[in-house]
Amino acid sequence: MILDPVQRPELSKKSKDAYEQFERLIVEIKKKKLPEEIELVINKHIMQLNSVTGSDKVLSAEIRKEQSKIIGLLAQKLKVVPLNYYRKTWFVLGMTVFGIPIGAALGLSLGNMAFLGIGLPVGMSIGLAIGAGMDNKAKEEGRQLDIELKM
């Protein structure tokens, strides 16, 4: 059974929003049937976050860190992801994996490297399309959590 994060009513607005998002993430994770070893790792991350004392800045950084570790674990081991996870991931990958080489090829073929920048939006579009397709597939297969994370 997955633990609950400790209630923290004394937080500032920014930290409170991040903490509430983390709590919603845990609620969504609890709806999924997870293997016991994954639950143990998630509980370890929750206990780490629960043990944090100090300023809101320290807590906010710890929330982001533990949340990223949990999402990474779920994505890597179970292919369970939050809404738009792949779209956000492939947005950047599209620009770097497709956009820069397309722009470089265009710049070299036209003899003007100023055209390098034209490849970035093309790569971004390709990345968004790939990511959206992967998100749709995850939704169809029931591997998507009903929460979109704002980092």
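E148 and K88 pair in a salt bridge whose closest N and O atoms are 3.6 Å apart (a side-chain nitrogen of Lys or Arg within 4 Å of a carboxyl oxygen of Asp or Glu). E148 sits in the segment after α5 (119-140) and K88 in helix α4 (residues 85-110), so this pair ties together parts that are 60 residues apart in sequence. Do keep in mind that this is a predicted model, where local features need pLDDT of at least 70, side-chain atom pairs count only at pLDDT 80 or more, and totals for chains, interfaces and linings use all residues. Residues are numbered from 1 along each chain as its sequence is written, and side-chain values use heavy atoms, leaving out hydrogens and water.

**Salt bridges**
- The structure holds six salt bridges, including one between D4 and K30 (2.2 Å, N to O).
- D4 belongs to the segment before α1 (13-30) and K30 to helix α1, so their pairing ties together parts that are 26 residues apart in sequence.
- Another joins D17 to K13, with the closest N and O atoms 3.1 Å apart; the two are four residues apart in helix α1, about one helical turn.

**Exposure**
- E148 is partly exposed at 30% relative accessibility, and K88 is partly exposed at 42% (buried is under 20%, exposed over 50%, partly exposed in between, with a 1.4 Å probe and protein chains only).
- D4 counts as exposed at 52%, while K30 is partly exposed at 35%.
- Of the 151 residues of the protein chain, 35% are buried.

**Fold**
- The protein chain has five helices and zero strands (DSSP runs: H or I of at least four residues for helices, E of at least two for strands, numbered from the N terminus).
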